[in-house]
Amino acid sequence: EEIDFALRLRGTTPGVLEIRVSGRPDPRGGLQMTSSTVLIGPPGSPALYRGALTEVEDDRLQARVSAAGRRALALDMLLRADPGGEVRGSLRAAPA
């Protein structure tokens, strides 16, 4: 099983965030993550930074991403999907 989020970032720095989670269905609901990929960057280079989720707890996701010749970033995300499937939330990035 795979879940894929493709999100547009708005705010002071517009960008694109893609999160792909692979795993097995959890009998209690959701997915037991076995691997993940996180891509983030500006609209013209959406895969500038690449990494993986480091923690998932309810609506909070954390990831570490890096790009050649640039400082690695720690991402802290709070994401919520509404019944229509639209995802909203917040993202903070800090040097890792």
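I began with the lining of the largest pocket, which by class has seven nonpolar, five polar and four charged residues. My classes: Ala, Val, Leu, Ile, Met, Phe, Trp, Tyr, Cys and Pro are nonpolar, Asp, Glu, Lys and Arg charged, and the others, Gly among them, polar.

A note on the source: this is a predicted model, where local features need pLDDT of at least 70 and side-chain atom pairs pLDDT 80 or more, while totals for chains, interfaces and linings use all residues. Residues are numbered from 1 along each chain as its sequence is written, and side-chain values use heavy atoms, without hydrogens and water.

I then looked up the volume of the largest pocket, about 440 Å³. Among its 16 lining residues, Arg8, Leu9, Arg10, Val87 and Gly89 are the closest to the centre. (A pocket is an open set of points on a 1 Å grid over the protein atoms alone where a 1.4 Å probe fits, with protein on both sides within 12 Å along at least five of seven lines; lining residues have an atom within 4 Å of a point. The volume is the space filled by probe spheres set on the points, which are joined across faces, edges and corners.)

Which element gives the largest share of that lining? I found E7, with five residues. Strands (E) are DSSP runs of at least two residues, numbered from the N terminus.

Next I checked the second largest pocket, with about 360 Å³ of space. Its lining divides into 10 nonpolar, two polar and three charged residues.

Notes
Helix = DSSP H or I, 4+ residues; strand = E, 2+ residues; numbered from the N terminus.
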